[in-house]
Amino acid sequence: MASYIVITFAITPPATAADISISAVDLVQLARNGYLQEQGIPQFNQLAFAYRSGELSAEDVINAAITANRLSRDVADDPGYLETVDHFLNDLDR
């Protein structure tokens with residue numbers, strides 16, 4: 001009778017967006033420093049201008065961060081997080 005050895009490997013998947021949580025102020029700083037440019041979020045003074053002119057909203061920044069896998073999708077449904085991001089966007093360059 002032949003005997004067999006079965007070898008299994010456990011692969012740990014990379015972190016997903018569901019695992020990522022950053023503060024609202026850190027999110028705004030990421031956007032301000034250009035880390036969400038590929039998702040269409042302007043950086044530096046252009047970020048503040050786009051927000052104040054209504055071209056950009058807190059939801060846009062949150063969704064861009066989710067798309068970039070820098071933020072959990074669960075955050076999109078958190079009104080407190082949205083309000084805080086909105087607050088920090090409003091305070092840019094003031």
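How many helices and how many strands are there in the protein?

1. Overall content. The protein has four helices and zero strands, and from the N terminus on its elements run α-α-α-α. Helices (H or I, at least four residues) and strands (E, at least two) are DSSP runs, numbered from the N terminus.

2. Basis of the values. This is a predicted model, in which local features need pLDDT of at least 70 and side-chain atom pairs count only at pLDDT 80 or more, while totals for chains, interfaces and linings use all residues. Residues are numbered from 1 along each chain as its sequence is written, and side-chain values use heavy atoms, with hydrogens and water left out.

3. Burial and surface. Of the 94 residues of the protein, 29% count as buried; buried means under 20% relative accessible area, exposed over 50%, and partly exposed in between (1.4 Å probe, protein chains only). The protein exposes about 6500 Å², of which carbon and sulfur atoms supply 52%. These areas come from the Shrake-Rupley method with a 1.4 Å probe.

4. Contacts along the chain. Among contacts in the protein with a separation of 6 or more, 61% are accounted for by residues 24 or more positions apart. Contact means heavy atoms within 4.5 Å.

5. Helix 1. In helix 1 (residues 24–32), the residues Ala24, Leu27, Val28, Leu30 and Ala31 are buried. Seen down the axis of helix 1, these buried residues fall within an arc of 155 degrees, so they line one face of the helix; the arc is that of the directions from the helix axis to the C-beta atoms. An α-helix has 3.6 residues a turn, so residues three or four places apart point the same way. The buried residues of helix 1 pack against helix 2, helix 3 (58–67) and helix 4. Just after helix 1, Gly34 takes a positive phi of about 90 degrees.

6. The segment before helix 1. Ser21 lies in this segment and is exposed, with a relative accessible area of 65%. The C-alpha atoms of Ser21 and Arg73 are separated by 9.6 Å, although these residues are 52 apart along the chain.

7. Helix 2 against helix 4. The axes of helix 2 (residues 44–52) and helix 4 (residues 79–90) come within 9 Å and cross at roughly 115 degrees. That makes helix 2 roughly perpendicular to helix 4, a term that covers angles of 65 to 115 degrees. Axes are lines fitted to C-alpha atoms, for helices over the stretch in contact, and angles run from 0 to 180 degrees between N-to-C directions. On the helix 2 side, Leu47, Tyr51 and Arg52 meet Asp86, Leu89 and Asn90 of helix 4. By class, this contact has three nonpolar, one polar and two charged residues.

8. Helix 3. The buried residues of helix 3 are Ala58, Val61, Ile62, Ala64, Ala65 and Ile66. Their cover includes helix 1, helix 2 and helix 4.

9. Phe44 lies in helix 2 and is partly exposed, with a relative accessible area of 38%. Asn69, also a residue other than glycine, has a positive phi near 55 degrees. Asn69 is placed in the loop between helix 3 and helix 4, just after helix 3, and is partly exposed, with a relative accessible area of 47%.

Technical notes:
Parallel < 35°, antiparallel > 145°, perpendicular 65-115°, else oblique. Nonpolar A, V, L, I, M, F, W, Y, C, P; charged D, E, K, R; others polar.
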